[in-house]
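Open the model in a viewer and keep the sequence panel beside it.

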Amino acid sequence: GSEMCIRDSYVGAILFNGLSEYFFWSEFGVRYNFIAVDYLVYTNEVVGNIMESYPVVPMTLGLILVTLVVTWYLFRRDLALADRLKGWRWKAVAGPAYIAAVLLAVGLLNFNPRFQDSQNVYVNELQANGLYKFYDAFVKNELNYKQFYITEPEEQAEAFVHGIYGSTGDYLHAVRCEGPEIRRNIVLITIESMSASFMERFGNTNRLTPVLDSLYKQGLAFDRVYATGNRTVRGLEAVTLSLPPCPGQSIIKRPNNAGMHSTGALLREKGYNVKYFYGGNSYFDNMETFFGGNGYRIIDQKSYKPEEITFANIWGVCDEDAYDKVIRSLGERADTTAAPFFAHVMTVSNHRPYTYPAGRIPIPNDAKLRSGGVMYTDYALGRFFEEASRQPWFANTVFVITADHCASSAGKTEIPLEKYHIPALIFAPGLITPQQVDKVISQIDLMPTLFSLLGMDYDSHFFGQDALSDDFRERAFVATYQDLGYLEGDVFTVLSPVNRAEQYRISPTEEDRYNLVLEEGIPSQELLDRAISLYQ
């Protein structure tokens, strides 16, 4: 009986893993990776998300039934011979054989990645073993930079970076603007999973984002902005700390991340009231510790009264409720001599299970479609601007609207550039003339660009720069949790463990304007040195 239970458990575990890998692939386009490891910490949200997104009960019952049938079919002969298998002699032979087989299997898992060397990542991922990839991601949760990546002598790398930024010591450089500082309220909206590819402006014909497309025509519109990563914490890190991404965990999830040189700290020193709005529970992804430790006043789901929530799912309140909370919290601020505010708003609705209030958009609220999540998020943004435009503070406010990351990061290469292309615009009627900016820009450049538009002087540790200045060097930092990409011109340099570097050239085709072709060797040592120094 106990042996039968063990076999049932073993078969059930294999089938459960197979089913899990299927759904993970359908969501992310790869085997288990760093996301699977990272999500283990937040069981309430993740399990809740799964329960709301999939028919869990029928699948579980089906899994149990299939497990029983498969176990009976595989082991029916063993059951008949059970009495013969009880003796110590048989176990003395079978035990070591099983142990040897397990060790051989583990060795084969280590050996298998040697064959996963195709330039097409999908091919490599299809060959891979999900559980081994999970283990590999777990081990690489934190990577010692100098151990795993190509480096240069520290003095050489420092001098290189100081030369780019005109900085000294701990990368401090002075940002000085001509003319007086413009005191404006600032609202920064980072939209969950909003790929540029969802927009009509970038070729989508499904009319999912009429509000965002309309705002693009009314503001300073950036057409070639790249997210630094593929997780919310990466996007928040980029616009808050203005730093290139680091391998392993985001700084937001690392210890000792309080009191940093952040956009909030800079504005607080200039007399701004600094707030972070999140429709969910800010303990998720360590946001509460990070933003609280860096001087932001946090307004999250715990701050909502019951009557302020009309709709919520496992990730938090719907975007309409979140924006209404922003409007109420910013209040009646007609007095332009009062302290200005900086409000950073992080949305949640454009996330699986893609549920939202009924009757808002043509896509039914129970369809659980990504397109519905995108369209509802856009609808809620439009409703926010309608309401904000009636507020006394609206005329004295500048809005920055962007995404935390794209909806998916899977592609033919380890870092498919089209899956990092995000919308970004600065909107302030009467202050900013509508303009299209076609430069290659990093997500880390958005806030420094805004600060220069507002004429702010400050001493900066930011690696982001004013994208509108004449001496701005077009480049973008684009990374996964272990591959660090640097795009400049048509050359994309990627640094990877262990001490690997590759360069790709963008070679557009009719189907893919971001098509990357792997170059032989390193055709541009200068760009490689730049990538190494900046990341180091």
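Helices (H or I, at least four residues) and strands (E, at least two) are DSSP runs, numbered from the N terminus. Axes are lines fitted to C-alpha atoms, for helices over the stretch in contact, and angles run from 0 to 180 degrees between N-to-C directions. The model is predicted: local features need pLDDT of at least 70 and side-chain atom pairs pLDDT 80 or more, while totals for chains, interfaces and linings use all residues. Residues are numbered from 1 along each chain as its sequence is written, and side-chain values use heavy atoms, with hydrogens and water left out.

**Stop 1: H14 and H15**

Select residues 319–330, helix H14, and residues 370–388, helix H15. Their axes lie 9 Å apart, at an angle of about 25 degrees. H14 is therefore roughly parallel to H15 (angles under 35 degrees count as roughly parallel, over 145 as roughly antiparallel, 65 to 115 as roughly perpendicular and the rest as oblique). The crossing of H14 past H15 is right-handed, the term for a near helix turned clockwise from the far one by less than a right angle, with anticlockwise being left-handed.

Now show side chains. On H14, Asp319, Glu320, Tyr323, Asp324, Val326 and Ile327 are in contact (heavy atoms within 4.5 Å) with H15 residues that include Tyr376, Tyr379, Arg383, Phe384 and Glu387. The contact of H14 with H15 has nine nonpolar, one polar and five charged residues. Here Ala, Val, Leu, Ile, Met, Phe, Trp, Tyr, Cys and Pro count as nonpolar, Asp, Glu, Lys and Arg as charged, and the others, Gly among them, as polar.

**Stop 2: H9 and H17**

Go to H9 (residues 154–165) and H17 (residues 525–535), whose axes come within 9 Å and cross at roughly 95 degrees. That makes H9 roughly perpendicular to H17. Ala157, Phe160, Val161, Ile164 and Tyr165 of H9 make the contact with Asp529, Arg530, Ser533 and Leu534 of H17. Six of these residues are nonpolar, one is polar and two are charged.

**Stop 3: the cavities**

How many cavities of 30 Å³ or more does a search of the whole structure find? There are two. On a 1 Å grid over the protein atoms alone, a cavity is a set of points where a 1.4 Å probe fits but cannot get out, and lining residues have an atom within 4 Å of a point. Grid points are joined across faces, edges and corners, and a volume is the space filled by probe spheres set on the points.

For the largest cavity, select Ile164, Tyr165, Gln465, Arg473, Arg475, Tyr486 and Leu534. Its volume is about 40 Å³, and its lining has four nonpolar, one polar and two charged residues.

The second largest cavity holds about 30 Å³. Select Phe311, Asn313, Gly316, Val317, Cys318, Val348, Ser349 and Thr355 to see its lining, which has four nonpolar, four polar and no charged residues.

**Stop 4: Phe311**

Stay on Phe311, in the loop between strand E5 (297–299) and strand E6 (312–313). Leaving aside residues up to four places away in sequence, Phe311 touches Val317, Cys318, Asp321, Thr355, Tyr356 and Pro357. The C-alpha atoms of Phe311 and Asp321 are 7.5 Å apart.

**Stop 5: backbone exceptions**

Most residues other than glycine have a negative phi, and most peptide bonds are trans. Arg352 and Pro353 are joined by a cis peptide bond, with omega about 20 degrees; Pro353 lies in the loop between strand E8 (341–346) and H15. The bond from Pro497 to Val498 is also cis, with omega near -10 degrees. Finish at Ser242, whose phi is positive, near 55 degrees, in the loop between helix H11 (232–241) and helix H12 (263–269).

Notes:
On a 1 Å grid over the protein atoms alone, a cavity is a set of points where a 1.4 Å probe fits but cannot get out, and a pocket is an open set with protein on both sides within 12 Å along at least five of seven lines; lining residues have an atom within 4 Å of a point.
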